[in-house]
There are 2 protein chains.
Amino acid sequence: MSDMTSQAAAPRSPGRPRSSRADEAIIEATLDLLAEGAKIDTLSIEAIASRAGVGKATIYRRWPGKDALLRDALAILKGTPPTPIGRSVREDLVLLLGAVGRNTDPRSEKIMSCLLPEVNRNQDRYELYQGVVEPRRARVREVLERGVRNGELRTDLDIELALALLTGPMLIQRVLRWHPELDDDVLAERVVDGVLEGIRAR
Amino acid sequence: MSDMTSQAAAPRSPGRPRSSRADEAIIEATLDLLAEGAKIDTLSIEAIASRAGVGKATIYRRWPGKDALLRDALAILKGTPPTPIGRSVREDLVLLLGAVGRNTDPRSEKIMSCLLPEVNRNQDRYELYQGVVEPRRARVREVLERGVRNGELRTDLDIELALALLTGPMLIQRVLRWHPELDDDVLAERVVDGVLEGIRAR
């Protein structure tokens, strides 16, 4: 029995070279259904299989259940964060923060805006959200740790706090347009410089 | 004809001494309906009037339409931000930021989590959101301006950026629990000190 449909010919996602074309069709079907308004709670493996043109058994061969499939689908939806260059902490922070909340996949805004209101009310949704966020936090963390080691950043730096100081302003602007007058084009640079230098008089 | 019901005996909202008891019943009915899942788009003046036990004319005597009523209802839902003490910028920032995303009204989390996903997709919702946010931004802005004037903060401070640097980390933690390991109890102090001092080595 062939599981494949024409949808499986979708472009290969970067960073997942092991994927078969059926896997890709399953991931794409999951993301399409969510972007079209399917609720995470009620989305069924059956509906995903039907949309992908595969049997349910094909999905269960690769993923133990819906949560694992959703985790992989969201990871592919959000893509991989940029790779730091390594010349200066400032440059790498601007690069990484410039990508915060920037959705390259058009389905992302719709899917994330359905997920986010749930993260504080549902532990499964929270873990799904953290699965998206933690790899991004980890990449910024590496840059900050390098900065502490090489003397660019304070030796007593609270790295976990610094992650929130850098990411918070980017996220509220990109997701909520929190301040109508902050220009998005130079926001990452301004946030990085603001957090690097601080606001106290010297 | 009497417009009043027993619901109008709800406690008087602080900061709105001009409200009649009918006004309060109308505001409470609006907030109750939203908290119970009514959609902002489809919530009708008729449904609000019915829930408040008043006639539609009573609502239109006080509010020109639903948007104006929603603005007032959200302002009352979110309450007034704390009043700065005036001794030091640090102390006042900790006070104001400690209140960010802290909802005293139990209906607030539900109502805001329905509003927030819409703010980037619907201009009316965005203006409603800004009506909640701007009075809070204004209060922090006054403290920052005082700090620039009295020499506590850098004379070249970008105040609008600083508002985002301070508020962003608080909001992502309080609304999304963005970083699972940041302790909420001391978060406002740590954010304020982090933004005051900066992270660059000196």
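**Note on a predicted two-chain helical model**

1. A:Glu109 lies in helix H6 (residues 107-115) of chain A, where helices (H or I, at least four residues) and strands (E, at least two) are DSSP runs numbered from the N terminus. At 41% relative accessibility, A:Glu109 counts as partly exposed; buried means under 20% relative accessible area, exposed over 50%, and partly exposed in between (1.4 Å probe, protein chains only). Leaving aside residues up to four places away in sequence, A:Glu109 touches A:Asn103, B:Asn120 and B:Arg121, a contact being heavy atoms within 4.5 Å. A:Glu109 and A:Ala35 are 74 residues apart in sequence, yet their C-alpha atoms are 8.6 Å apart in space.

2. Basis of the values. This is a predicted model, in which local features need pLDDT of at least 70 and side-chain atom pairs count only at pLDDT 80 or more, while totals for chains, interfaces and linings use all residues. Residues are numbered from 1 along each chain as its sequence is written, chains are lettered from A and ligands numbered from 1 in the order in which they are written, and side-chain values use heavy atoms, with hydrogens and water left out.

3. Chain A overall. The secondary structure of chain A consists of nine helices and zero strands. The C-alpha trace of chain A spans about 70 × 35 × 30 Å along its principal axes. Of the 202 residues in chain A, 50% are buried. Among contacts in chain A between residues at least 6 apart in sequence, 60% join residues at least 24 apart.

4. The side chains of A:Arg107 and A:Asp32 form a salt bridge at 2.8 Å, N to O; the rule asks for a side-chain nitrogen of Lys or Arg within 4 Å of a carboxyl oxygen of Asp or Glu. This pair links distant parts of the chain, with A:Arg107 in helix H6 and A:Asp32 in helix H1 (residues 21-35) of chain A, 75 residues apart. Both A:Arg107 and A:Asp32 are buried.

5. The corresponding pair in chain B. B:Arg107 and B:Asp32 also meet through their side chains in a salt bridge (2.8 Å, N to O). B:Arg107 lies in helix H6 of chain B and B:Asp32 in helix H1 (residues 21-35) of chain B, so the pair ties together parts that are 75 residues apart in sequence. B:Arg107 and B:Asp32 are both buried. In chain A, salt bridges that share partners join A:Glu28, A:Asp32, A:Asp105 and A:Arg107 into one network.

6. A:Arg174 forms a salt bridge with A:Asp184, the closest N and O atoms being 2.7 Å apart. A:Arg174 lies in helix H8 of chain A and A:Asp184 in the loop between H8 and H9, so this pair joins parts that are ten residues apart in sequence. A:Arg174 is buried at a relative accessible area of 13%, whereas A:Asp184 is partly exposed at 24%. Over all chains the count comes to 38 salt bridges.

7. Extent of the interface. In all, 52 residues of chain B are in contact with 52 residues of chain A. The two chains bury about 5,100 Å² between them, 58% of it on carbon and sulfur atoms; buried area is the accessible area (1.4 Å probe) that two parts lose on being put together, summed over both. B:Trp178, B:Ile199 and B:Arg200 supply 17% of the area that chain B buries against chain A, more than any other three residues.

8. Four salt bridges cross between chain B and chain A. One is known by its residues: the side chains of B:Arg200 and A:Glu197 meet at 2.7 Å, N to O. Helices H6 (107-115), H7 (123-149), H8 (159-176) and H9 (187-197) of chain B each supply at least two residues of the side that touches chain A. H8 of chain B gives the most to that side, with 14 residues.

9. A:His179. This residue, A:His179, lies in the loop between helix H8 (159-176) and helix H9 (187-197) of chain A. A:His179 is buried, with a relative accessible area of 1%. Residues that A:His179 touches include B:Tyr126, B:Arg137, B:Arg141 and B:Leu163.

10. Symmetry. Chain B can be laid on chain A with an RMSD of 0.1 Å by a turn of 180° and a shift of 0.0 Å along the axis; copies are superposed by least squares on the C-alpha atoms of residues with pLDDT of at least 70 in both. The two copies are thus related as by a two-fold rotation axis. The same surface serves both copies, as 100% of the contact residues of chain B recur in chain A.
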